[in-house]
Amino acid sequence: IDQEWHTDGDHYDQMARVGDPNDHRPYALCIFVPLIPLTKETGFTRFWPKSHLYPNLLGLARAADALQATLDGVDLQPGDYVMYDYTTWHKGVGNSSDDERPVIQFLYSCDWYKETKNYGTTSVFDLPVSAETASRSAADSLPAVSSIDVTMCQ
């Protein structure tokens, strides 16, 4: 069974509920790595490229399928990755095989953003760390970018 189209996070301007409605600055980046080959049988994730630039697409995502304006994360091998802005519209395409579809998913975000919707409330970065790494955070290593589209590496 396919998932419904969704985003993992709200647009920045929707979270703040103030400011410029065209403020779509990225605040979180998602990377997932399949642990098995992703095929049409095992299922994959379908993305709507550039959808992260438009906050008011609710109800329009099905048009992306009809217009063939999507990018499929199919034929990815273990160790390949998909990287996308947290506000990109996407959906999981159903697994028709008898196999599980394990993936590792990483979320990198700005310090102020606290993910509670998709992964719970405890981060591995909240665990005790050495004094050497305590002064650094994952968000400090995020590049300064104005937009992150879907990127696949095979």
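**A chat about the fold and an aromatic cluster**

Guide: From the N terminus on, the elements run α-β-β-α-β-β-β-β-α-β. This is a predicted model, where local features need pLDDT of at least 70, side-chain atom pairs count only at pLDDT 80 or more, and totals for chains, interfaces and linings use all residues. Residues are numbered from 1 along each chain as its sequence is written, and side-chain values use heavy atoms, with hydrogens and water left out.

Visitor: How many helices and strands are there in the protein?

Guide: The protein has 3 helices and 7 strands. Helices (H or I, at least four residues) and strands (E, at least two) are DSSP runs, numbered from the N terminus.

Visitor: New topic. How many aromatic pairs does the structure hold?

Guide: It holds 4 aromatic pairs. Rings of Phe, Tyr and Trp (its six-membered ring) pair if their centres lie within 6.5 Å; planes under 30 degrees apart count as stacked, over 60 as edge-to-face and the rest as tilted.

Visitor: Why is the pair of F32 and F47 stacked?

Guide: Their planes are at 20 degrees, so the pair counts as stacked; the centres are 6.5 Å apart. F32 is in strand β1 (residues 28-34) and F47 in strand β2 (residues 44-47), 15 residues apart.

Visitor: And what do F32 and Y84 form?

Guide: An edge-to-face aromatic pair, with 75 degrees between the planes. Y84 is in strand β4 (residues 81-85), 52 residues from F32. F32, F47 and Y84 form one aromatic cluster.

Visitor: Are F32 and Y84 buried or exposed?

Guide: Both are buried. Buried means under 20% relative accessible area, exposed over 50%, partly exposed in between (1.4 Å probe, protein chains only). F47 is buried too, at 0%.
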